[in-house]
Amino acid sequence: IKFEPDGFAYPVSWRDEPDRGEALLDRVKIEGRETLHIMAQRARTRASWRSQVFLTPGWYRFEGSARTALTNGGAVRLRISGDNSSQGISGGRGWQPLAHEFLVPEPGMDIELVCELNAFGGEVWFAVDSLRVKRVNERQGRPPNRPFQLLRE
C-alpha cells in the first residue's frame with residue numbers, strides 16, 4: 001500500500017466475504033458517494049468487505065465513515081482480521097466515523113482490513129473514499145494497559 005504525503009494510504013482492492021446468514025453485498029452510490037454496501041436479509045448475518053495490505057512494523061489506525069440502518073440490533077465496525085477488540089456503532093443518523101488502532105509487530109506483514117456488519121437485520125454503507133490507513137506513533141496507539149497481540153486466522 002502506498003502512503004501519500006499527508007500520511008494516509010487508501011486501499012484500492014476490496015472483496016466481499018459473506019460469513020453467516022443471508023447477506024447481500026454490493027457496491028452502490030448513496031448521497032453521491034461510492035460505497036461498500038452490506039444488507040442482512042433474513043436472519044442473523046455476519047458479512048464483510050476486506051482488503052489485504054502489506055505494512056511494516058509499527059502502530060496504525062484504520063479509519064472510515066459508515067451509514068447504518070439497523071432494524072433488530074447488531075453492530076458495524078472496522079477491524080483487522082484476527083483482532084475482535086474493536087468497538088463499533090449500532091445505529092445513528094448520517095455518516096459516522098469509525099476507527100481501529102492496531103500494532104504490526106513483525107517486519108513485513110500482510111494485514112487484512114475488515115469492514116464488518118454483524119446484525120439481525122438492516123444494512124450498512126461504508127464510504128470508499130473515507131477508508132484509509134495512517135501510521136501513528138505509539139502514544140496515539142492503544143493504551144499500554146490494553147496490549148494487543150496480532151492473532152492469526
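Predicted model: local features only at pLDDT ≥ 70, side-chain atom pairs only at ≥ 80, totals over all residues.
Trainee: Which residue of E10 does Thr 68 bridge to?
Mentor: Look at strand E6 (residues 58-70), which runs antiparallel to E10 and is joined to E10 by 5 bridges. There, Thr 68 has as its bridge partner Val 124.

Trainee: How many of the residues of strand E10 are buried?
Mentor: Buried means under 20% relative accessible area, exposed means over 50%, and partly exposed is in between (1.4 Å probe, protein chains only). Gly 122, Val 124 and Phe 126 point one way from E10, while Glu 123, Trp 125 and Ala 127 point the other way, and all are buried. For strand E10 (residues 122-127), that comes to 6 of 6.

Trainee: Okay, charges next. How far apart are N and O in the salt bridge of Arg 15 and Glu 17?
Mentor: A salt bridge puts a side-chain nitrogen of Lys or Arg within 4 Å of a carboxyl oxygen of Asp or Glu. Arg 15 is found in strand E2 (residues 15-20) and counts as partly exposed because its relative accessible area is 38%. Arg 15, Glu 17, Arg 50 and Glu 112 are linked in a network of salt bridges. For Arg 15 and Glu 17, the N to O distance is 2.6 Å.

Trainee: Are Glu 116 and Arg 79, which form a salt bridge, buried or exposed?
Mentor: Their closest N and O atoms are 3.0 Å apart. The pair links distant parts of the chain, 37 residues apart: Glu 116 is in strand E9 (residues 109-119) and Arg 79 in strand E7 (residues 74-80). Both Glu 116 and Arg 79 are buried.

Trainee: How many aromatic pairs are there?
Mentor: Rings of Phe, Tyr and Trp (its six-membered ring) pair if their centres lie within 6.5 Å; planes under 30 degrees apart count as stacked, over 60 as edge-to-face and the rest as tilted. By that rule the count is 3.

Trainee: What is the angle between the ring planes of Phe 3 and Tyr 60?
Mentor: Phe 3 counts as partly exposed at 31% relative accessibility, whereas Tyr 60 is buried at 2%. Phe 3, Tyr 60 and Phe 102 form one aromatic cluster. The ring centres of Phe 3 and Tyr 60 are 6.3 Å apart, and the pair is tilted because the planes are at 35°.

Trainee: Last one! Which ring does Arg 33 lie over?
Mentor: A charge sits over a ring if NZ of Lys or CZ of Arg is within 6 Å of the ring centre and within 35 degrees of the ring normal. Arg 33 does this at 4.8 Å from the ring centre, over the face of Trp 95.

Methods:
Residues numbered from 1 in each chain as written. Heavy atoms only, no water. Helix = DSSP H or I, 4+ residues; strand = E, 2+ residues; numbered from the N terminus. Pairing = 2+ DSSP bridges.
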